[in-house]
Amino acid sequence: MAKTKELSKDTRKRIVDLHQTGKSESTIGKQLGVKKSTVGAIIRKWKTYKTTDNLPRSGAPRKIASRGVKMIMRTVSKNPRTTRGDLVNDLQRAGTTVTKVTISNTLQRQGIKSCSARRVTLLKPVHVQAHLKFAREHMDDTAEDWENVMWSDETKVELFGINSTRHVWRKKNTELHPKNTIPTVKHGGGNIMLWGCFSAKGTGRLIRVKDRMNGAMYREILSQNLLPSVRALKMKRSWVFQHDNDPKHTARATKEWLSKKHLKVLEWPSQSPDLNPIENLWRELKVRVARRQLQNITALEKICVEEWAKIPATVCANLVKTYSDRLTSVIANKGYVTKY
């Protein structure tokens, strides 16, 4: 059967206008050369919806009924690593045959999409509880309390090691031009280990750890770099030192050294990098260094120190200013890793 031609908007409008003048459907049909049944349908639509425009069509019925949707939502909520194939099999056992594409479309309509699972620090139950305990104990600390903390940590910087995607503007077929590529080598081309510190007032010293660090070397680093950083940043006399629970940091000799220097140390939960805002500064540093396109380790050390010193004090201040948000996120996430 041939598809009938759709009436124009003008014709539909004339049908309504003639109807409002009191003319019958058959009279209107004869006058405009339109079937009486079509005229009637146009008039009924106008009376019901106050328009003669085409209404949104419902389309084909969903292949997965509401009961099936609820089932797959329960499944992915309980186990987010469930594959589309698993869901296809589950529905097939329930009497519904669909494809993987249908599964994807159904989940997307429910606001669920497939994403790469983020790699995070492994937290054992004891770590989760310590994480949560720290957040709860410090929720009432003021912004001034956090401004009084000197944050510290170590990090490794690869010569060609940043993993973020870099975009370039280029013409077609010029993807291999040296200007449009990022040089890489196996195993990152070498790396250096750094120790650094910062407070709300700005970055402290950043130094390269040239040998494998032990307790004695760590105490030497603190002696030569921590205290000078405190003085340079004009920290208050009541300042607090933060470092993690690395064995070198918690060794008895290190604790004794800290005690002799009368340094107050922030009690720190293990496996909690997301609680240390210096992690954000390490990321900032690595992005800045990657832009410099270095070729050797000697240059890497020099540029790291330069770029560390260039990080604005406002960046440091903002990281500390929003510290309570980190604690709120830990509590909201019940002690598990947060977005920070």
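**Close-up views of a predicted model**

**View 1. Two loop residues with positive phi.** Gln271 is found in the loop between strand S5 and helix H12, in a model that is predicted rather than determined by experiment. The phi angle of Gln271 is near 55 degrees, which is a positive value in a residue other than glycine. Gln271 counts as partly exposed, because its relative accessible area is 37%, a value that falls between the 20% limit for buried residues and the 50% limit for exposed ones. A second residue of this kind is Lys234, which lies in the loop between helix H9, residues 215–232, and strand S4, residues 240–242. For Lys234, too, phi is positive and near 55 degrees, in a residue other than glycine. Lys234 is exposed, because its relative accessible area of 66% is over 50%.

View 2. Strands of a sheet pair through backbone hydrogen bonds, in either a parallel or an antiparallel sense. Strand S1 is mostly covered, with 8 of its 10 residues buried.

**View 3. The hairpin of S2 and S3.** Strands S2 and S3 are joined by a hairpin through 2 residues, and the two strands run antiparallel, with 6 bridges between them. Among the facing residues, Met193 stands opposite Val209 of S3, and Trp195 has Ile207 of S3 as its bridge partner.

View 4. In soluble globular proteins, nonpolar side chains tend to be buried together. The largest nonpolar core of this model has 33 residues, and those with the most contacts inside it are Trp146, Trp151 and Trp308. Two or more residues of this core come from each of several elements, including helix H7 (125–138), strand S1 (149–158), strand S2 (191–199) and helix H13 (297–310). Helix H12 gives the most to this core, with 5 residues. Leaving out residues up to four places away in sequence, Trp146 touches Phe134, His138, Asp141, Trp151, Leu266, Val320, Tyr323 and Leu327. Apart from this core lies another, of 19 residues, among them Cys197, Ile207, Val209 and Leu263.

**View 5. Val76 in helix H4.** Val76 is found in helix H4, and this residue counts as buried because its relative accessible area of 13% is under 20%. When its neighbours within four places in sequence are left aside, Val76 is in contact with Leu87 and Leu107. Between the C-alpha atoms of Val76 and Leu87, which are 11 residues apart along the chain, the separation is 8.8 Å.

**View 6. The second largest pocket.** The second largest pocket holds about 830 Å³ of space. It is lined by 22 residues, of which Pro80, Arg81, Lys113, Ser114 and Cys115 are the closest to its centre. Helix H4 (66–78), helix H5 (84–93) and helix H6 (100–109) each supply at least two residues of the lining, and H6 gives the most, with 4 residues. Sorted by class, the lining of this pocket has 10 nonpolar, 7 polar and 5 charged residues.

Terms used:
Residues numbered from 1 in each chain as written. Predicted model: local features only at pLDDT ≥ 70, side-chain atom pairs only at ≥ 80, totals over all residues. Heavy atoms only, no water. 1 Å grid on protein atoms, 1.4 Å probe; cavity = no way out; pocket = protein on both sides within 12 Å on 5 of 7 lines; lining within 4 Å. Points joined across faces, edges and corners; volume = space filled by probe spheres on them. Nonpolar A, V, L, I, M, F, W, Y, C, P; charged D, E, K, R; others polar. Core = buried A, V, L, I, M, F, W, Y, C linked by side-chain atoms within 4.5 Å. Buried < 20%, exposed > 50% of the residue type's maximum accessible area, 1.4 Å probe, protein only. Contact = heavy atoms within 4.5 Å. Pairing = 2+ DSSP bridges.
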